[in-house]
Amino acid sequence: MYGKQSYLHLGENIDVDKYIITEFYVESDKSILEVAEALAAESSIGTWTDLSTMDADIMTRLGARIFYANEEEHIVKIAYPLGLFEAENIPQLLSDVAGNVFGMNEIINLRVRDIIFPKAYLRTFDGPAFGISGIRKLLGIPERPLLGTIIKPKVGLDADRHASVAFDAWVGGVQVVKDDENLSNQSFNPFEERVVKTLAMLRKAEDITGEKKMYVPNISAQASDMLKRAEFVKAQGGIAVMMDILTVGFAGVQYIRDQNTGLVLHGHRAMHGAFTHSTKHGIAMLPIAKTARICGIDQLHTGTIIGKMHGGEEEVSAINNAMRCEWGNLKKTMPIASGGVHPGLLQKMIELIGNDVIINLGGGIHGHPDGTKSGAIAASQAVDASIAKIDLNEYAKDHKELQRAIDKWGVYKDESLLVPKNNSLITYTYGLTEGLM
Ligand code: CAP
Ligand code: MG
């Protein structure tokens, strides 16, 4: 409490249609109530002292309300009146609920575990233009898990080699080929040349296979360049582009979504570990993913559970549920499982994650002993086996590409052959959001 102003409303029944609710994990030398007051003030209308300029009306209309605080759990839940927020402005939302609070002296650790949005707030955003059903329609694949690849090496190939590796992956059986997150418009592989050449190969692959394919060039750059690149992709007949949502920032994502380019927006989450890695500090992936859906990301990296990147089953499932559930007026975002995936993991991954997913294999395709095309065939065979519910080792007996992949990387049950991983840092709880988004 600063002077006469208190933000404490413990036990109050919050009308979820009228408030944005944030759940924090907090560690401090101060008592939980003291730190909660400081958090509520700094993230809504107040500051470190009471103010002669404050009045009861501002306090009632716009003051944050601490309705839950538990010292043992280190959990504080704060409701923010909708009036605090500008419609359709994610930077402003984050400057409130995830802004200055992280720099306060009272804080030892602070984590935004979840943000709950009322329908009236969601209505101010368009959300994904395509969503899961739109992507499936574009590719003509109603149910099967989708397969994708990231061209590897991450960067270094010239535009011709990039396009020819993409072609091999498409004819081998993947639907989606994407640029890596750190490939943009470098001199060794200029953006426009790459797009033209790779889309030419896409059309060739579509003719040969009779299947629809997607190329996802990475447009991540300053906003004006992103728009020029998106427009270029559209003019060349492309159907999708990728943004690194955290390095370009949500304002960048919103800017591109607002142009209604008619392109599928693919969200890569490079840098998320800086926010999400600790269970005690930062911003959890769940609110980041929800924010991406609000901003209009059609397909988003959300984790593999058993690949090379951080993120256990409980966490990834909570995020994927949040991407796939009915949520106001917003279309559903397609989860992407990517990072350290190889054919021997696919059966388990589909079992854990389900069918509405794009599974991306970079090293797991281009690292196949017989090259990219064989790698893509092996990955498709692994999906076929998973759908038919046939054990991968069994299926591989008369599918030589899959067998060669398994010889190199093993299958999931063979734990010793798995990419080493440590999920022990994640003890994730869905907490407050049970039944609420
Ligand atoms: C995957 C990837 C992706 C990560 C990002 C990479 O390549 O291209 O960027 O998946 O992780 O460079 O690692 P591999 P996440 O298939 O060769 O591992 O999806 O968890 O954000
Ligand atoms: Mg990558």
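Me: With which residue does Asp114 form a salt bridge?

Reply: This is a predicted model, and side-chain atom pairs count only at pLDDT 80 or more. A salt bridge requires a Lys or Arg side-chain nitrogen within 4 Å of a carboxyl oxygen of Asp or Glu. For Asp114 the closest N and O atoms are 2.9 Å apart, and the partner is Lys290.

Me: How many salt bridges are there between domain 1 and domain 2?

Reply: The chain is divided into domain 1 (19–124) and domain 2 (131–411). Contacts link 22 residues of domain 1 with 23 residues of domain 2. Between domain 1 and domain 2, the count of salt bridges is 2.

Me: Which element gives the most residues to the lining of the second largest cavity?

Reply: The second largest cavity holds about 60 Å³ of space. Its lining includes Gln254, Arg257 and Asp258, together with Ile294 and Cys295. Both α9 (245–258) and α11 (285–295) supply at least two lining residues. The most, 3 residues, come from α9.

Me: How many charged residues are in the lining of the largest pocket?

Reply: The largest pocket has a volume of about 410 Å³. Of the 27 residues that line it, those closest to the centre are His268, Lys308, Met309, Ser338 and Gly339. By class, the lining of the largest pocket has 8 nonpolar and 12 polar residues, and the number of charged residues is 7.

Me: Which helix gives the most to the lining of the second largest pocket?

Reply: About 340 Å³ of space lies in the second largest pocket. Among its 15 lining residues, Gln347, Lys348, Glu351, Ser386 and Lys413 lie nearest the centre. Helices α13 (343–353), α15 (372–388) and α16 (392–396) each supply at least two residues of this lining. The greatest contribution, 5 residues, is from α13.

Terms used:
Residues are numbered from 1 along each chain as its sequence is written. Chains are lettered from A and ligands numbered from 1 in the order in which they are written. This is a predicted model: local features need pLDDT of at least 70, side-chain atom pairs count only at pLDDT 80 or more; totals for chains, interfaces and linings use all residues. Side-chain values use heavy atoms; hydrogens and water are left out. On a 1 Å grid over the protein atoms alone, a cavity is a set of points where a 1.4 Å probe fits but cannot get out, and a pocket is an open set with protein on both sides within 12 Å along at least five of seven lines; lining residues have an atom within 4 Å of a point. Grid points are joined across faces, edges and corners, and a volume is the space filled by probe spheres set on the points. Helices (H or I, at least four residues) and strands (E, at least two) are DSSP runs, numbered from the N terminus. Domain bounds come from an automatic or database domain assignment. Contact means heavy atoms within 4.5 Å. Ala, Val, Leu, Ile, Met, Phe, Trp, Tyr, Cys and Pro count as nonpolar, Asp, Glu, Lys and Arg as charged, and the others, Gly among them, as polar.
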